Amino acid sequence: MPTRFGFDESGRIPVWPRAPLQFPSGPGAILQERQFIDGAFGRPKIRCLIVDGHALVRHGMRRLLEDEPDIEVVEEAGNANEALQKLGLLQPDVVLMETGMPGLSSAEVVRLVQHTSPRTKLIFLTGHGDNQSALHGLQAGAMGYVHKDTEIANLVQAMRDAQRGVRYVSPQVLQKVRKDIPSIEGAKTSSPSLTPREEEIVKLLAEGHSVKKSAELLSVSVKTVEAHKFNLMRKLGIHNKAQLVTYAIQMKIVKLPTGA
């Protein structure tokens, strides 16, 4: 039987009724429905579980992340056991977990997450410089280590990188594991928020040019280069030129000299 139609307000143009949206049913229907809706109006959101022993930290992080259009915080947990229970039920895309969960090493946490939800990516949040924990966690398969002092934009980028299968390590953490990080395949060790101008300045300074010479080469004022240099030091968590050179080499902004 043919579908009946009506007319618009002018009475001249025929209008066919729209078919109703068909939502999934059965086991896992809630998750499938969410994915259906996200797929209909844009790319699927990154579903995130936040694990931290401090409620205020969890709630604050949740408020910040929920401002991002492609991130959805599905649940919070205060400890590893609670996190694993919710992980098995919700199967999130990314878990943000503070380091130092009682009774578990970072490598053990990685293995438990991978066993409970193989498709879930794990990013550790750290407020201290435990380089061995960071190294072991990354070697076990963690997709990132983000320092708690980082800007929210870097945390968001780390989550997006993890979703794409790219590791991210905050500069503050990178300094602690600099000698060992090259052994971790696919590690992304840069801050993603450098502007093209900042990269130019990093390159020139790392190549040995003075602030004055860099300003001449870029046709800007010395004060402009000095301001960029100060912001770069703060953003990357570095304190001297040697660290800036190391960062530039690791990020392939400059190349190692032949035979180095």
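Modeller: A salt bridge is a side-chain nitrogen of Lys or Arg within 4 Å of a carboxyl oxygen of Asp or Glu. This is a predicted model, in which local features need pLDDT of at least 70 and side-chain atom pairs count only at pLDDT 80 or more, while totals for chains, interfaces and linings use all residues. Residues are numbered from 1 along each chain as its sequence is written, and side-chain values use heavy atoms, with hydrogens and water left out.

Biologist: Why is the contact between Asp93 and Arg119 called a salt bridge?

Modeller: Their N to O distance is 2.5 Å; the cut-off is within 4 Å, so the term applies. The pair links distant parts of the chain, 26 residues apart: Asp93 is in the loop between helix 3 (80–90) and strand 5 (94–98), and Arg119 in the loop between helix 4 (106–116) and strand 6 (121–126). Here helices (H or I, at least four residues) and strands (E, at least two) are DSSP runs, numbered from the N terminus.

Biologist: What makes Asp93 buried?

Modeller: Buried means under 20% relative accessible area, exposed over 50%, and partly exposed in between (1.4 Å probe, protein chains only). Asp93 has 5%, so it counts as buried. Arg119 has 45% and is therefore partly exposed.

Biologist: What does the salt bridge between Glu76 and Arg62 tie together?

Modeller: The closest N and O atoms of Glu76 and Arg62 are 3.1 Å apart. Glu76 lies in strand 4 (residues 71–77) and Arg62 in helix 2 (residues 55–65), so the pair joins parts 14 residues apart in sequence. Glu76, at 9% relative accessibility, counts as buried.
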